[in-house]
Amino acid sequence: MAVEVMKPPSMTSPDPNMSMGIELMALERRERLIHTLKIAIVWIVLILILGLFLMSLDFDPKYMFQHFKFVLAGAGLTIGISIVSILIAAVLALLGALGRLSTNSIAQGISGFYVSLVRGTPLLIQIFIIYLGLPQIGNQFRVHGYIGMANLFTLTAIQSGILALSLNYGAYMTEIFRAGIQSISHGQREAAQAMGMTHGQTLRKVILPQAVRIIIPDIGNQFIAMQKDSSLVSFMGVWEITYRANRLARVDSKFMEMFLLAALMYWILTIVSSWLESRLEKNLARAYER
Amino acid sequence: MKRIYLALSLIVIASLFLAACAQQASTNDKLAEIIKRGTLIVSTDPAYPPQSQLVEGAQRPAGTKCTSDQRTATELKGFDIDTAKEIAKRLGVEVCFVTPDWTLITAGNWADRWDVSVGSMTITPERMTNLYFSQPYYTTPAEFFVHKDNTAYQKPSDLSGKKIGACTGCTYDAYLAGTLKIPGENIDYVVKDAKFTGYETDINALQDLALGDGVRLDAVLTALPTGQGAIADGLPLKPLGDPVFFEYLAAAVDKHSSLDEQNFVNKLNEVIKAMHADGTLKNLSQQFYNTDLATAAAAFDVGQLNQFSK
């Protein structure tokens, strides 16, 4: 076919190659759109099938609708605890990764021990130990007259939960940070050192900015997992989503309703946060696009 | 660079010690602290209606002294909750609730996060290693149930050598085996040599008994409210005679508190005895359970537990 026919009327460029390129890009975009639409249709079909499954369960959607507000009131706590914990966990993970990669035997020993101990024990047990155990250490201070120290060790339920989640996720994320830092080519480090940068400068200005871009998807993944694991703080009586759903279920024996409601809320939360994560990922990748 | 780290860590350590010195122990007595604070912090798990359940859409009263991570009296309801409210009222303080998991309550070592558990806790020797118990505020009577059609059995002792069902590993199992120990009570084992059948829960045993008199079971030993609930649900059963023993449900206080608990426990005993004497607890029991579970608890002698003997 003739090039003249393909040329859109609005095009000002007289260059036939250029207009063909634009045409090709439009074609690509159309194909991408169709692909997205196909995925959306698959999702809709799957949601319909899920709905059919749920219909066969014995539950009362009206009850869910009437009582969702009480459960939703716990969403703030769930989100807040997760955000604070992931931030502290990221700091711990960075320190842990630097320890693991360091040549100092003490730093390596500490971080290796931390990762091994915390990754090797269940989160719920850690929560119980921190909640019940720390005040007993504090009591030793109290006996010796350091009341302030003792109070420092007596954490509230929310503080205990945040500490346990941070420690736990910090250990897992140590490995992520370590992999991220190691993925940066050794040449970069050598180049930075050749320019006279110190070890700290190399890390801050060269290695970490590039490593962060690589590990952001993994951190996002951990954040999603954390939002769900934050439900474990309900054991200490924190009124977040799981606690509210569970205890409200007991009032009228509406267990399936409340479990489905809580599941739906966590799902929506994680959809939102994975969307935010993908935005952040795109943003950080911009410098690498051509 | 290294010097900055050193300075920073010194500052952190110094501030920790300053914080340590800044606060002094104001008082060493739990009761005095509660009165001074103006709130009684009670633990309850709102998972067990009608003892304790949450209230949807409740408003916190203005000017409450409860902190934001505590619940006010409006946010919960039930038999335990009303009992706790009344105890606080008689101490002249506001009641605030916290809702840790049952495991954390029975474990002791509360670190003074809360003062007392008013949570229908059965007094057991194991729990007494971690907790002090008050005068019980009500009881769970253990009652034999037989099939409605049965006329042969008049009293529990008639059931010796018969087929009796109960939950496996629970107090009823221990009673039939003759090994039950309840602090402060001498148990009279009136049923001898029962042919015991264990069940996952009491309800399963009652359902087997309901199949017919002597078909699978001759009798079931269970909590009086459980059996009455099954009868209300239409099972053809009837209670046999008087309860054979009582489990006592009391308020509990942490043994590992950093404060002296003795005055507080004595005061709790005094308040609960007064609530028995003026009929408050009996009325609450009628209101929530449609039966008097409180009077038998009034007769319990809490002094027998010897909790403060050195």
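**Exercise 1. Find what percentage of the contacts in chain B with a separation of 6 or more join residues 24 or more positions apart.**

Step 1. Take the contacts in chain B with a separation of 6 or more; residues 24 or more positions apart account for 78% of them.
Step 2. Note the basis. This is a predicted model, in which local features need pLDDT of at least 70, side-chain atom pairs count only at pLDDT 80 or more, and totals for chains, interfaces and linings use all residues. Residues are numbered from 1 along each chain as its sequence is written, while chains are lettered from A and ligands numbered from 1 in the order in which they are written.

**Exercise 2. Describe chain B as a whole: secondary structure, extent, burial and confidence.**

Step 1. Helices (H or I, at least four residues) and strands (E, at least two) are DSSP runs, numbered from the N terminus. Chain B has ten helices and twelve strands.
Step 2. Its C-alpha trace spans about 85 × 45 × 40 Å along the principal axes.
Step 3. A residue is buried if 20 or more other C-beta atoms lie within 10 Å of its own, exposed if 12 or fewer, and partly exposed in between, with C-beta atoms placed from the backbone. Of the 310 residues of chain B, 40% are buried.
Step 4. The average pLDDT (the predictor's confidence in each residue, from 0 to 100) of chain B is 90, and 92% of the residues score at least 70. For the complex, the predictor gives an ipTM of 0.79 and a pTM of 0.82.

**Exercise 3. Work out how H3(B) and H8(B) cross, and which residues make the contact.**

Step 1. Axes are lines fitted to C-alpha atoms, for helices over the stretch in contact, and angles run from 0 to 180 degrees between N-to-C directions. The axes of H3 (residues 79-91) and H8 (residues 262-277) of chain B come within 10 Å and cross at roughly 115°.
Step 2. H3(B) is therefore roughly perpendicular to H8(B). The classes are: under 35 degrees roughly parallel, over 145 roughly antiparallel, 65 to 115 roughly perpendicular, the rest oblique.
Step 3. The contact uses B:Glu86, B:Ile87, B:Arg90 and B:Leu91 of H3(B), with B:Leu268, B:Val271 and B:Met275 of H8(B).
Step 4. Sort them: five are nonpolar, none polar and two charged. Here Ala, Val, Leu, Ile, Met, Phe, Trp, Tyr, Cys and Pro count as nonpolar, Asp, Glu, Lys and Arg as charged, and the others, Gly among them, as polar.

**Exercise 4. Treat H4(A) and H8(A) likewise.**

Step 1. Helix H4 (residues 75-101) of chain A packs against H8(A) at about 45°, with the axes 5 Å apart.
Step 2. The two helices are therefore oblique to each other.
Step 3. Their contact has 20 nonpolar, six polar and two charged residues.

**Exercise 5. Is A:Leu134 buried, partly exposed or exposed?**

Step 1. Locate A:Leu134: helix H6 of chain A.
Step 2. It has 18 other C-beta atoms within 10 Å, so A:Leu134 is partly exposed.
Step 3. Beyond its neighbours within four places in sequence, A:Leu134 contacts A:Phe153 and A:Leu155.

Conventions: Contact = placed C-beta atoms within 7 Å.
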